[in-house]
Amino acid sequence: MKGTFISFEGPDGAGKTSVINAIYHDMTSRLGYQKVLLTREPGGNRISEQIRDVLFDDQNTNMDARTEALLFAAARRQHIVEDIEPALKAGKVVLSDRYIDSSVAYQGGGRHLGTDDIWELNQFAIHGLLPQLTIYLDIDSELGIQRINQHRSDQVNRLDREKLRFHRDVRASYLVLAQRHKERIVVIDASQPLADVISDTQRAIQHHFKNIYN
Ligand SMILES: Nc1ncnc2c1ncn2[C@@H]1O[C@H](COP(=O)(O)OP(=O)(O)OP(=O)(O)O)[C@@H](O)[C@H]1O
Ligand SMILES: Cc1cn([C@H]2C[C@H](O)[C@@H](COP(=O)(O)O)O2)c(=O)[nH]c1=O
């Protein structure tokens, strides 16, 4: 495929949304790239957004962990087919707020379903499509939760509300993934001031794709 696929990952409150918006703005406004798709998981299209609503419905407290894992994978499949693959075929840069590593970290690690099993489950959904680069924003779990509680109490979702232990397991799983996929995943210290996190991310993208930012 012709395009460039970059995913952004991190525990809740790491700053993914702030960073991905800044990268999108920089690529489209400063560099003048016409072909950039900014998207998110779960979501991106009507069906995936409907699955998102089910996943984050506060009344669904009885959702089984495997059901949750399957729904995230289903939303991902639809996202790939409707949004990511067409954009890549059109030669676009795709910036995705979360992708497969979120499932491995949250459902595999956080929910203790097993990171290898969740990786395998998602192979059926992604059918070989991995990002060329994954920016992993790493943050101490307490600090991530603190940021969410301080700034975004109106938008806190069902998973944000999980206990500290869950968030620590999520982070630990991300760090194992980063070790396993060194060629794809770049770890960025997200406890720094936002401007520094953004410039580290730009540097990582520039280093990985010599044609972007040059
Ligand atoms: N480096 C930073 N330093 C201080 N505050 C930050 C930093 N990055 C983001 N924030 C603030 O933390 C809050 C969460 O940021 P943001 O929504 O970008 O994170 P997120 O990783 O997308 O979270 P979630 O996964 O829960 O959506 C926001 O209010 C944002 O302004
Ligand atoms: C893709 C994906 C996401 N999650 C979790 C991670 C977060 O708690 C929410 C998404 O919220 P955001 O504000 O849009 O980042 O969903 C997950 O558990 N598994 C996944 O595969």
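Hi everyone, let me start with how this chain is held together: residues 24 or more positions apart account for 78% of the protein chain's contacts with a separation of 6 or more. Two residues are in contact here if their C-beta atoms, placed from the backbone, lie within 7 Å.

A word on what we are looking at. This is a predicted model, in which local features need pLDDT of at least 70, side-chain atom pairs count only at pLDDT 80 or more, and totals for chains, interfaces and linings use all residues. Residues are numbered from 1 along each chain as its sequence is written, while chains are lettered from A and ligands numbered from 1 in the order in which they are written.

Now the fold. The protein chain has 8 helices and 5 strands, where helices (H or I, at least four residues) and strands (E, at least two) are DSSP runs numbered from the N terminus. Starting at the N terminus, their order is β-α-β-α-α-β-α-α-β-α-α-β-α. The radius of gyration of the protein chain is 16 Å, close to the 17 Å that the globule rule gives for 214 residues, so the chain is as compact as a globular protein of that length. That radius is taken over C-alpha atoms, and the rule is 2.2 Å times the number of residues to the power 0.38.

Of the 214 residues, 39% count as buried. Buried means 20 or more other C-beta atoms within 10 Å of a residue's own, exposed means 12 or fewer, and partly exposed is in between, with C-beta atoms placed from the backbone.

Let's zoom in on two residues. Aspartate 12 sits in the loop between strand 1 (4-9) and helix 1 (16-30), and it counts as buried because it has 23 C-beta neighbours inside 10 Å. Lysine 16 belongs to helix 1. Is lysine 16 buried or exposed? Lysine 16 is buried, since 23 other C-beta atoms lie within 10 Å. Beyond its neighbours within four places in sequence, lysine 16 contacts Phe8, Gly10, Asp97 and Leu137.

Finally, the ligands. Ligand 1 is surrounded by 17 residues, the closest being Gly15, Thr17, Ser18, Arg147 and His151; a residue counts as near if its C-beta atom, placed from the backbone, lies within 6 Å. Helix 1, helix 6 (141-151) and helix 8 (194-208) each give two or more residues to that shell. Around ligand 2 there are 13 residues, with Phe72, Ser102, Ser103, Tyr106 and Leu159 the closest. Helix 4 (residues 100-110) supplies the largest share of this shell, 4 residues.
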